[in-house]
Every structure is written in C-alpha cells, then in structure tokens.
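Hi everyone, thanks for making time for this. I'd like to walk you through one structure, and please have it open on your screens while I talk.

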Amino acid sequence: MGTNAGTPGRVQRTSFAQGVAGLSMNDGSHYNADAQRRIGRGMFDALRRIATGASDPLLPAAPGQVAGLAATPSASSAAITWTATNLATAYAIEYRVAGSSTWVRAGSAAGSSYTLAGLTPNTAYEVRVSAMNTGGVGTPSAVASFTSSDVPAVTDSFNRADNPTTLGAAETGQAWTPNATVWGIVSGSASMLSGSNGRVTVESGRANGTVQAKFASLSTGSNHGRLLFRGDSSVNYWMVQLRVTGGVPGKYQLYKSVNGTLTQVGSDSAAAGVAGDVVKVVMASDSVTVAVNGATVITATDSFNSTATQHGLAAVGNGPTFKNFSVTA
C-alpha cells in the first residue's frame, strides 16, 4: 500500500478503495466495464465505512498503549525513553508544563527514545507518548512527570592556572571579592595565600537555595576552614566552620556574625571533619540546614540576614583549600 492507502490512519472520516489490476481496455489508460464495476463497489464500501465508523480492512490494527515511559531531565532538555510497542511504526511525543491543560506536540520518533529540548530550567513538566501506524494512533501512555534541573547561579571548580594574587572570576562569570587578604589558585584549588581571618565572596543573587563546597585539604597547624553564606558585608554573614587545632580536625560548627560579633548557633556536628568533605548549606527562609557528605549534621531556625545573597569561602590563616563551589536554587 502506498501513501494513499495510509490516509485513513492520518485523516479522520476517510477510507481507501483499492484499484484493480489486469482489467483494462488494452489501451494502457482506461479500465474496462468489469473493472469499473469493481472499483465502484469498492468506493461504495469505503463510503459506508466512513458513515458507520467501521475500520478499514486494508489497514493494520492501531498499536497498543505505550508502556515504560521514563524521563531523565537536565536544565534545558530531558531524555525520554519507553518500551517499544507491537505494531508501532512511529511514536508521537507530547509535553506540557505541569498544571496546564494543553498538550504540545514536541515531535515524533521512529525508535523508543527522544530528546525533549527547549525546556525552562527548574520547571515541572509532564510528558506522554503515543504509538502510531497507518491504522491509527494508540492510546497515550501514562503521564511521566519530571522537573528540569536548575542552572547554578554560581559554579566554580577552580580548575584553572595557578594564580598567586587572585581567584579571578567564577566559571559563571561572577568576580571573587576578598577582604584585606590575598586569595589565589594553587593546583586547581582556592586558597588564602596571605593575611589572617580572610574572606572571599561572590554576589549570587540568591538568598534561598544551596551553597556547597569541597574542603579539599586542611591546615597542618591551628586553623579553621569556613563556608560563608548569606552575607551582606564584612561583618554580617553566616558560616559553617571546620576547626583544626594543632593539625587535628574538630567538628563542624554553625556561626553567625552580627556586626562583627560571632555567635555559635545550634550544636556541633557529631563527627570530626576530614579532608575531602563536601559541605552543603540549604537555606530556606529562616531555616538553615548543614549537611556533610550528604548527611545532615546541624539544623537551625534564625531569620538573621535571611535576604542576603553574598556567599563564599573563608579561613583563619593559610592552609585550607577548597574546590567545587556552587550556589543553586
């Protein structure tokens, strides 16, 4: 069957009448009387099928419902996969923002995967897939829901050339701004290279979300590495501190600095820190949660500086190094 035979599978209220072979008037152009009667009967049957809604006997059965739909999102796209369906020759992919009523046709695929592109970061979506063939379109799959990932407000691995005088700019473009100390890049890590009680921050534009960094190495002396968050000046900020005394790491502590006065908030974490710890702070209104390597160690409720958007790193003296700093929603 050619393209015309597949029309009923694409266009509603149409049918197809198959021509006949071997019944011409031997002029290469015209059917004889018997052929015309057969074609007329076929066209009448096709019209009756349209009127009654009967299936076209020349078409295969429509494929069944798609199963096994899954979505793996990134910030601006999602990898959609499903289980191949018997009788399907293609698949239609539709999506919508969660909560909306209108499905948008994204495209079609011959196989059992599709990349859904052009998504808005940090947005909830729904997707469904329908199998197709010349016999029609199958029942849409069950809806798969997913949320596109966030684009970090700030991200910096510090994987750039050594620099003894400045951290330069984060990979997302924000400038690192120190206090009266010198920070630089050493072997792919951020480190304070001179001064004491050093701080270096970036403006993220986000007061709520997640601030994270890897405490790559610790001081061999008496020193403290710090992850700063929710700062608006050199005297008003929050920080998570890993204290190191005589080269021995202690526990993580949560502090706030109000007009330059440090106050410990909440309790120490349960375990001592080690080099390579990934420290994460989740900020949500007046709630602060500190996690180390994915495990929550400190929680606090405090509205101080809850709208401040500067985040960064700090150290009491030279020694601690940091990697993989990020600020996300």
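I'll start with the chain as a whole, then go through aromatic pairs, salt bridges and one threonine.

First, a reminder that we are looking at a predicted model. The chain has two helices and 23 strands. Of its 329 residues, 42% are buried. If we take contacts between residues at least 6 apart in sequence, 59% of them join residues at least 24 apart. For those of you who like surfaces, the accessible surface of the chain is about 15700 Å², and 51% of that belongs to carbon and sulfur atoms.

Now to the rings. A pair of aromatic rings is described by the distance of the centres and the angle of the planes. How many aromatic pairs does the structure hold? There are 10 aromatic pairs. Let me show you two of them.

Please find Tyr125 and Phe146. Their ring centres are 5.7 Å apart and the planes meet at 20°, so this pair is stacked, given that planes under 30 degrees apart count that way. Tyr125 sits in strand β6, residues 124-133, and Phe146 in strand β8, residues 144-147, so the pair ties together parts that are 21 residues apart in sequence. Both Tyr125 and Phe146 are buried.

The second pair is Phe158 with Trp176. Here the centres are 5.7 Å apart and the planes are at 40°, so we call the pair tilted. Phe158 and Trp176 are each in the loop between β9 (154-156) and β10 (177-178), and the pair links parts of the chain 18 residues apart. Are Phe158 and Trp176 buried or exposed? Both are buried.

There is also an aromatic cluster to look at, made up of Trp183, Phe215, Tyr252 and Phe322. Keep Trp183 in mind, as it will come back at the end.

On to charges. Side chains of opposite charge can pair when their charged atoms come close.

In one of them, Glu94 pairs with Arg128, with the closest N and O atoms 2.8 Å apart. Glu94 belongs to strand β3, residues 90-97, and Arg128 to strand β6, so the bridge ties together parts that are 34 residues apart in sequence. Both Glu94 and Arg128 are buried.

Next, Asp156 and Arg160 meet through their side chains in a salt bridge, at 2.7 Å from N to O. Asp156 has 0% relative accessibility, so it counts as buried, whereas Arg160 is partly exposed at 28%.

The last one I'll show is Lys256 with Asp302, where the closest N and O atoms are 2.8 Å apart. Lys256 lies in strand β17 (residues 248-258) and Asp302 in the loop between β21 (295-301) and β22 (310-315), so parts 46 residues apart in sequence are tied together. Lys256 is buried, with a relative accessible area of 16%, and Asp302 is buried too, at 17%.

Finally, the threonine I promised. Thr181 is found in the loop between β10 and β11 (182-186), and at 8% relative accessibility it counts as buried.

Technical notes: Residues numbered from 1 in each chain as written. Predicted model: local features only at pLDDT ≥ 70, side-chain atom pairs only at ≥ 80, totals over all residues. Heavy atoms only, no water. Phe/Tyr/Trp six-rings, centres within 6.5 Å; stacked < 30°, edge-to-face > 60°. Helix = DSSP H or I, 4+ residues; strand = E, 2+ residues; numbered from the N terminus. Buried < 20%, exposed > 50% of the residue type's maximum accessible area, 1.4 Å probe, protein only. Salt bridge = Lys/Arg side-chain N within 4 Å of Asp/Glu carboxyl O. Contact = heavy atoms within 4.5 Å. Areas by Shrake-Rupley, 256 points an atom, 1.4 Å probe, with all protein chains shown as cover.
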